[in-house]
Amino acid sequence: MRTAELLDSLKQQEPVSLSQILDAKEQRVCRQQEMMSRETGNSPKTLISFTLNIAGAIKSFPLFTQAFVEGKRQILRELSYAGMEILKKREFCGKTGDECYLLVRESPKKIKELMVAIEEGSGLGRLFDIDVMSPDIPKISRSDLGLPPRKCLVCGQKAAVCARSRAHSIEEIWARTVEIICEFLNQRLADRIARDACRALLYEVNVTPKPGLVDRNNNGSHRDMDIFTFADSACALYPYFKSCALQGLAGKENPQELFCSLRPLGREAEEQMKQATGGVNTHKGAIFSMGIFCAAAGRMADRSASKKEFSSLCAQMCRHLMDDFKDIGKKETLSYGEKLYKEYGITGIRGEAAQGFPSVFEIGLPKLKEEISQGKSMNDAGVSVLIALISKVQDTNIITRSDRETLLWAQKEAQQVLKNGVKEEEVQSLDQLFIKKNISPGGCADLLALCFFVYFCYQEKEDT
């Protein structure tokens, strides 16, 4: 979420009047008394009154509502974990802010201790105003528990002192409020994106059988890695994927600048991967492509972007990669990728990325959704997607380990398996052939992981 944009939007909201704020406080007291008076019985009962600490005359704003919903979720979770019975629940929302009231069968002291733990432990806790009271005790304060007073949102001094002296402008307090909420939501969103990225890598390596690749049956055409090497590598890359997502969420760079910001992160990630695997290159291709996807997912997280828009953003980020092939005839020394382009016109992963990963969005992802819609398991769907990718993608990994003729042969074999319905015994036979010929379609494996990633991202959006 973009803090500056949200702060500008907040300032444009319609403020409430002082009389409306005072009326809301009176109504809150009435609701609290009503909630406590309606419940009878001798067992202890405590009321939790939850609102947000929002300074100024703008109390209702979508970002504030997100923080309120999160706070309510945390309160309900802690009550549930503690086994505390909720007798009554009421909610109100309006221009003067959101309110939640929970009548709980438990002593006030225990409830207050639980609520203070939320205020102190949550990233949003400083914005939570959780009052605890009972019919006999109007309000339990932090001092009643021997705790220090709450700190100022801006400077960290005593909040009451800063409030009385008006030490900070409303703009300062708003800026800090928005910053706190955005930081919390961005971190949580980046964690989810990184989780989906690691999950995608683990799904890919576990899909079995995979011709020439490491899977649960064998190590394919590889002698220096196995399924556990990939697990170690995927776990080591979690911080990298989260950092890429946060770069996208920051929203300060244009697409190409966003791509450039990933490069130092990618170099660090490659070192972390090699440390985890003992120097084995398990996910170098995925560091490049999945990093781009995590950044794109972060960039588009606060909008309802279609898969076409996702692909377009990737293309904008990577379009400059095709510059590597300009004036190639004038270069004295060529990289392996440049030689393939000069001789066969094969652009490899540069071309794939610069076009917005069409192999993912036009081949792999539609096939994955089709297979799953037919009731196939994620494993079997993944096998079919991989075969579909091998049949069409100019996988430079295959050429690197052999030659272009071998790539054409592999594509033809995959096309036949696809035509026959991707039967397991045929895929296993193809696996043995690939191993014999030392073929490893690693590029297609990376694309399969990207298909899983996009599927997870949009599946979660559809489920919420």
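This is a predicted model: local features need pLDDT of at least 70, side-chain atom pairs count only at pLDDT 80 or more; totals for chains, interfaces and linings use all residues.

Me: How many salt bridges does a search of the whole structure find?

Reply: The search finds 25 salt bridges.

Me: Start with R188. Which side chain does R188 meet in a salt bridge?

Reply: The R188 side chain meets that of E70, at 2.4 Å from N to O. This pair links distant parts of the chain, 118 residues apart: R188 belongs to helix α6 (residues 170–206) and E70 to helix α3 (residues 62–81).

Me: And E70, buried or exposed?

Reply: E70 is buried, with a relative accessible area of 3%; the cut-off for buried is under 20%. R188 has a relative accessible area of 40% and is partly exposed.

Me: OK, next. What is the N to O distance between E91 and K89?

Reply: The salt bridge between the E91 and K89 side chains has an N to O distance of 3.5 Å. E91 is partly exposed at 37% relative accessibility, and K89 is partly exposed with a relative accessible area of 41%.

Me: What about E113, which residue does it form a salt bridge with?

Reply: E113 pairs with K109, and their closest N and O atoms are 2.6 Å apart.

Me: Where do E113 and K109 sit in the helix?

Reply: Both are in helix α4 (residues 108–121); they are four residues apart, so about one helical turn separates them. E113 counts as partly exposed, at 37% relative accessibility.

Me: Which residues are linked in a network of salt bridges?

Reply: E119, E120, R142 and R150 are linked in such a network.

Me: Changing topic. How much space lies in the second largest pocket?

Reply: About 1400 Å³ lies in the second largest pocket. The pocket is lined by 49 residues, and those closest to its centre are N53, I54, A55, D129 and A163.

Me: Which helices and strands each supply at least two residues of that lining?

Reply: The helices are α2 (18–38), α4, α5 (159–165) and α6, and the strands are β1 (46–52) and β4 (128–133). Helix α6 is also where R188 sits, and α4 is the helix with E113 and K109.

Me: How many residues of the lining are nonpolar, polar and charged?

Reply: The lining of the second largest pocket divides into 22 nonpolar, eleven polar and 16 charged residues.

Key: Residues are numbered from 1 along each chain as its sequence is written. Side-chain values use heavy atoms; hydrogens and water are left out. A salt bridge is a side-chain nitrogen of Lys or Arg within 4 Å of a carboxyl oxygen of Asp or Glu. Buried means under 20% relative accessible area, exposed over 50%, partly exposed in between (1.4 Å probe, protein chains only). On a 1 Å grid over the protein atoms alone, a cavity is a set of points where a 1.4 Å probe fits but cannot get out, and a pocket is an open set with protein on both sides within 12 Å along at least five of seven lines; lining residues have an atom within 4 Å of a point. Grid points are joined across faces, edges and corners, and a volume is the space filled by probe spheres set on the points. Ala, Val, Leu, Ile, Met, Phe, Trp, Tyr, Cys and Pro count as nonpolar, Asp, Glu, Lys and Arg as charged, and the others, Gly among them, as polar.
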